Amino acid sequence: MKLALGTVQFGLPYGITNTAGQVAEDEVMRILHRARELGLKVLDTAAAYGESERVLGRRGREAHAFQLYTKTLPAGQAGVDAAAIRRVVQGVHGSLSNLGVERLDGLLVHHACDLLGEGGQDLYAALLELKAEGVIERLGVSVYSVAEAREATKRYHIDAMQLPLNVLDQSFASSGELTRLKQAGVEIHTRSVFLQGVLLADELPAFLHTLAPGFARFKAVCAQAGMSQLEGSLAFLRQQGVIDHVVVGVLDVGQLEQIATAWHRSAAHIAFDFTACNMESLPAITPSNWPALQKEFR
Ligand SMILES: NC(=O)c1ccc[n+]([C@@H]2O[C@H](COP(=O)([O-])OP(=O)(O)OC[C@H]3O[C@@H](n4cnc5c(N)ncnc54)[C@H](OP(=O)(O)O)[C@@H]3O)[C@@H](O)[C@H]2O)c1
């Protein structure tokens, strides 16, 4: 299990707790440099993350030293037809050109519904062709729920999957889905470890008040164990031994340093029980359900 670097923050002013805006390019350079020194191997981006791919492409060798995972453009609301498939495939070529590479280590379908709705099989077939041509090493999907993960793996061969997992949203762990995915040979990437930074704050934003009981229990476990909320968030992920990459987002090198230190320290905290923090049944644990201005970018 390793840390990986999320890059939506490089292309957009992303994140509910983010008051600093989009990361400046000279800071991106420092973050990438330090991430390499710290042994991170994977960058996660998407065609839909504003300037993110182009910013990485401009960094050239510094970005190309990582394994690059990007995501498809949305195929469209009304089912996937031939024109939509052409747009998505053109989008992949656009991503290659933005990133300045000839092949991708991973391509994830950004919205699982594009694979699971009408025409999804044709889209998958078109992307599989890109894999056969050597343009993509691993083909996978980004999901929001256990149900999407189950359906996607039932219908398709999935090499890699990105999914949400944190102390308040334990659904992939409690359902046994993580283990099942691992047994099926899927490379597992998790996101939302800090719930966009919310888990690291002293208090929840008012609109997330329904999560208060789980958040209070999380703070109590951390206080009892003498660990920071950063360490606690990461310790919970460490406990799920089957994860390949824990995707984290940072706004500056200082945050990356803190995460790396906390990741190291969290190894001593894997015995603590976070089960009582689980709020997985509540809509508020999913950032795409947050009010319009605070929406997670999807
Ligand atoms: N559908 C998808 O495929 C999808 C969706 C969302 C995200 N992602 C990927 O996941 C990546 C991470 O996004 P996420 O939503 O999962 O974010 P996250 O990693 O849960 O939280 C990142 C935020 O936590 C805060 N933070 C980090 N280190 C900190 C520290 N040491 N001290 C205080 N605050 C700290 C920062 O915000 P503040 O400093 O403002 O607090 C940072 O922006 C993205 O870059 C993207 O690549 C993918």
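Two strands pair if DSSP finds at least two bridges between them, and the strands themselves are DSSP runs (E, at least two residues), as helices are (H or I, at least four residues), numbered from the N terminus. These legends describe a predicted model, in which local features need pLDDT of at least 70, side-chain atom pairs count only at pLDDT 80 or more, and totals for chains, interfaces and linings use all residues. Residues are numbered from 1 along each chain as its sequence is written.

**View 1. Strand β1 between its two neighbours.** Here A4 has V247 as its bridge partner in β8, one part of a parallel pairing of β1 and β8 over five bridges. On β2 (residues 42-44), L43 is the bridge partner of L5, and β1 and β2 pair in the parallel sense over two bridges. Four of the five residues of β1 (residues 2-6) are buried (20 or more other C-beta atoms within 10 Å of their own, with C-beta atoms placed from the backbone).

**View 2. The barrel and where β7 meets β8.** Eight strands close into a barrel with parallel pairing, in the order β1-β2-β3-β4-β5-β6-β7-β8. From one strand to the next, the twist averages 30° (axes are lines fitted to C-alpha atoms; angles run from 0 to 180 degrees between N-to-C directions). Strand β7 (residues 187-191) runs parallel to β8, joined by two bridges, and H189 stands opposite H245 of β8.

**View 3. Around the ligand.** Of the 30 residues around the ligand (C-beta atom, placed from the backbone, within 6 Å), G6, T17, F194, G197 and G249 come nearest. Elements giving two or more residues to this shell are α1 (8-11), β8 (245-249) and α13 (253-266).

Notes: Buried ≥ 20, exposed ≤ 12 C-beta atoms within 10 Å, placed from the backbone.
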